[in-house]
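Dear colleague,

Please find the structure below, followed by what was found in it.

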Amino acid sequence: MNKIEKEISNAVTGAADKIAENAHIAEATAHFEKLLREQLARAEKMANAEPPKDFKTLDKITVGFCGGDGIGPIIMKEARRVLEALLAGELAKGRLIFKDIEGLTIENRMAKGKAIPDDVLAEIKTCDVILKGPTETPKGGTLESANVSMRRELDLYANVRPVTVPEEGIDWIFYRENTEGEYALGSKGIDVPGVLAMDFKVTTDCGTQRIARAAFEYARKNGKTNVAIVTKANIMKKTDGKFSKICHEVAADYPEITAEDWYIDIMTANLIKEGRRNQFQVFVLPNLYGDIITDEAAEIQGGVGTAGSANIGDHYAMFEAIHGSAPRMMEEGRGEYANPSSLIKASELLLRHIGMIEAADRLAAAMAACDKEKAVVITNHKDGATCKEFADYVISKL
Ligand code: IPM
Ligand code: MG
């Protein structure tokens with residue numbers, strides 16, 4: 001190639017690159033416009049939401065069970081057995097109905113190419129509350145997490161995660177925003193192959209008001225005096241800035257409660273600081289920070305296998321373990337040694353949500369008795385008790 005030919009070739013390549021870049025920008029701009037319109041529509045829907053369902057007025061409450069993947073069906077079977085023992089009377093009276101929901105499995109979801117296949121979602125919507133085992137999400141690809149999809153489809157905006165360590169005076173409750181933040185568009189980012197990728201974070205006024213209201217209401221009803229608003233508003237100025245500002249606006253209606261701003265980084269440090277950490281009470285935080293810090297908090301309590309999680313909306317609620325499907329345990333043949341405590345704790349949260357406080361207290365007392373006596377201990381390995389043995393132990397303490 002002589003000099004002139006080289007110049008022509010460079011110019012042609014440069015022009016082709018420019019055309020490709022412009023095409024990417026046009027495509028991304030159209031994509032962004034669509035996302036923005038969808039999110040504006042979601043915000044408007046929230047602003048016009050119907051009043052919440054009141055469980056006290058229902059003469060029948062349907063509880064749906066979704067086993068999920070990996071260790072899910074194993075721990076679900078045992079959690080359900082505990083519930084059946086605890087609620088035998090209510091079940092016999094027919095006020096409480098237990099219903100199996102089939103098909104929320106990775107195989108079925110992959111086959112249908114949907115995070116929650118339509119028929120499964122329709123079944124879920126026939127229930128008032130759901131107890132759900134962990135579901136697997138493939139890394140990469142396009143299949144969205146079943147959790148994220150369910151939280152969105154049922155508008156389960158409050159992820160409530162209690163963590164307690166009585167001997168240290170730790171009694172925390174996390175109000176994690178559950179439908180927006182980094183999760184709202186987590187599968188809908190922009191990719192310019194070989195150059196860059198962008199994801200989006202969404203914080204709405206209504207979405208923040210409702211999670212803040214839930215956290216402060218909890219604090220008021222439970223005699224708590226402090227709510228920590230945890231963000232990274234020094235960096236994520238628009239979204240976290242809004243989150244913090246709106247939480248403070250809501251806090252103004254609760255003058256008896258101190259609302260404190262914290263950054264997520266120092267808060268993760270404070271949670272491992274003995275002598276300081278037991279002063280925190282209620283936390284309210286955007287989705288991703290809530291996801292991360294609640295695993296840390298659960299570990300402080302004794303492991304992610306010990307923590308339950310409530311996903312609460314105005315019309316539906318879903319209760320689950322905070323951990324995943326534990327594929328490594330399954331591969332190593334340790335599935336039957338999985339700890340059902342997380343799902344049993346989630347069941348306790350479910351009972352409180354539907355107003356069965358006395359049954360919830362009995363279950364909590366049985367779990368606390370097992371935890372104190374430790375005659376049957378789960379290690380997740382063959383040297384410990386099986387999931388079934390542990391459930392029998394809980395039932396013996398009811
Ligand atoms: C949780 C889980 C989920 C989340 C996963 C399974 C999608 O980690 O409930 O905390 O990220 O929210
Ligand atoms: Mg998590």
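Leaving aside neighbours within four places in sequence, Asn-108 is in contact (heavy atoms within 4.5 Å) with Gly-103, Pro-117 and Val-120. Asn-108 lies in helix α4, residues 106–112, where helices are DSSP runs of H or I of at least four residues, strands are runs of E of at least two, and both are numbered from the N terminus. With a relative accessible area of 19%, Asn-108 is buried, a word that means under 20%, while exposed means over 50% and partly exposed lies in between (1.4 Å probe, protein chains only).

Please keep in mind that this is a predicted model, in which local features need pLDDT of at least 70 and side-chain atom pairs count only at pLDDT 80 or more, whereas totals for chains, interfaces and linings use all residues. Residues are numbered from 1 along each chain as its sequence is written, chains are lettered from A and ligands numbered from 1 in the order in which they are written, and side-chain values use heavy atoms, with hydrogens and water left out.

Turning to another helix, Ile-4 is placed in helix α1, residues 3–47, and counts as exposed because its relative accessibility is 59%.

As for the chain as a whole, it has 14 helices and twelve strands. Buried residues account for 47% of its 398 residues, and the C-alpha trace spans about 90 × 50 × 45 Å along its principal axes. Among contacts between residues at least 6 apart in sequence, 73% join residues at least 24 apart.
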